[in-house]
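My entries follow in the order in which I made them.

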Amino acid sequence: MKRNILFVDDDANILQGLRRMLRPMRDKWDTFFATSGKEALEIMARERIDAVVSDMRMPGMDGPELLHHVMREYPDAVRFALSGYSDKELVNRSIAPTHQYITKPCDEKMLVAALEQAIAARELVPNKAVLDKLARIEHLPVLPRIYNRISEELAKGDPSPKDIGDIVAQDVGLSTNILKLVNSAYFGLARHISTPQQATIVLGVNVIRSLILSLHVFQNFDPLGRQSFSLPLLWGHCIRTASIARALAEHEGLPREQVDYAYIAALLHDVGKLLLDAQCSDDCQRVYEVVRQQNRRVAEVEMEVLGLTHAQVGAYLLGLWGLPGPVVHSVARHHAPEPEPGPIGTTEIVYFANLLEHEVIVFNEHYARPTPEPQRLAAVGGPARYEAWRQLALELGLQPQCE
Ligand SMILES: [Fe+2]
Ligand SMILES: [Fe+2]
């Protein structure tokens, strides 16, 4: 099915440039162009628009105002903001309705990939009623700009860890949190790390980048919802799952890029729990009650009560953020019963890292200890492989409580 994408900018030259740039997409996309917020809303009233990409600074209705309108009237349309570095105030006003910021001038490949992925993310949530609910979330955390800045730096070539550390250091609050985290028992580092630059050198750019994302998500949800579960416990579970995932991926000789994907996906694999808790607090309470009383698995009960799982919801958010496909896919499938065809990749690694974390560390004694799905176990080589991985996870010496 062809997608309808709407671009909004008061500068006709920019729209012209976009039109030219996106010509190769014409078999997949129908593109619409508006020079004002008003015109954009008129188009949206007659066409089913899948994604809106809006400039921020426009006379009359500006970008934040337009995106707020779109969020209210057409909640399931993907909302991107095109912004320059000078648009700080506008960016702040557009945080609630924006799924992703694209920096001007934008790179064609990046924009196309980000749009395709964000649109596809909606398909990860099969239940239309729940998707509508999710799409209306005003507090859906936006991809932090610092993450984009680091990604841009990485895209330029091979930046030194010090350069990346310098970017992190500009955000004092974030730097403090990163340092607190890397010096905690989760990382078990032999020496004290005192600057973000040092942290990036010791842990690597991708670990730092994923920590930024996950800190961001957890902090965003802290005051929200009723918290049907313990936030610090979930955070600990995610960070340990990430360490196990990395160890398994390295042990299996996966290429560097896939090791990083496995780490990021494992770190973020349960973010859907936060989203669900913030939005369907009562239903979530029920889910966890059933889980405790009947000693069943969370994902299974979520399916019964909510019609979808936290795995799908988490993948939806990460997809909207434009995280790499293997990361989104691994998160979406971390409770699925069927294995991934082909050789062991990030999806299987994340699935087993999650199970092994529950096995090595008793996260909550009321929860059923998960065992691998027979099909997934068989696909990675059966109980012998699982036992080898379990040993590997044990050797990491992960701690149940930290700080
Ligand atoms: Fe999960
Ligand atoms: Fe988990």
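I began with α18 and α19, whose axes are 9 Å apart and form an angle of about 40°, and I therefore noted the two helices as oblique to each other. The scale I used for angles calls those under 35 degrees roughly parallel, those over 145 roughly antiparallel, those of 65 to 115 roughly perpendicular, and the rest oblique. The axes are lines fitted to C-alpha atoms, for helices over the stretch in contact, and the angles run from 0 to 180 degrees between N-to-C directions. Helices are DSSP runs of H or I with at least four residues, strands are runs of E with at least two, and both are numbered from the N terminus.

I then looked up the handedness and found that α18 passes α19 in a right-handed crossing; a crossing is right-handed if the near helix is turned clockwise from the far one by less than a right angle, and left-handed if anticlockwise. Pro-326, His-329 and Ser-330 of α18 make the contact with Thr-346, Thr-347 and Val-350 of α19, where contact requires C-beta atoms, placed from the backbone, within 7 Å. I sorted the residues of this contact into two nonpolar, four polar and no charged, with Ala, Val, Leu, Ile, Met, Phe, Trp, Tyr, Cys and Pro counted as nonpolar, Asp, Glu, Lys and Arg as charged, and the others, Gly among them, as polar.

Before going on, I recorded that this is a predicted model, in which local features need pLDDT of at least 70 and side-chain atom pairs count only at pLDDT 80 or more, while totals for chains, interfaces and linings use all residues. Residues are numbered from 1 along each chain as its sequence is written, and chains are lettered from A and ligands numbered from 1 in the order in which they are written.

The confidence came next: pLDDT, the predictor's confidence in each residue from 0 to 100, has a mean of 84 over the protein chain, with 90% of the residues at 70 or more. Confidence is lowest in helix α6 (residues 128–135), with a mean of 68, and highest in helix α2 (residues 37–46), at 97.

Phe-352, Leu-356, Glu-359 and Val-360 of α19 are in contact with Trp-389, Arg-390, Ala-393 and Leu-394 of α21, giving six nonpolar, no polar and two charged residues.

Which residues of α14 are buried? I found Val-271, Gly-272, Lys-273, Leu-274, Leu-275, Leu-276, Asp-277, Ala-278 and Gln-279, where buried means 20 or more other C-beta atoms within 10 Å of the residue's own, exposed 12 or fewer, and partly exposed in between, with C-beta atoms placed from the backbone.

Last, I checked Asn-295, which lies in the loop between α15 and α16 and has a positive phi of about 55° although it is not a glycine; Asn-295 counts as exposed because it has 11 C-beta neighbours inside 10 Å.

How values were computed:
Two residues are in contact if their C-beta atoms, placed from the backbone, lie within 7 Å.
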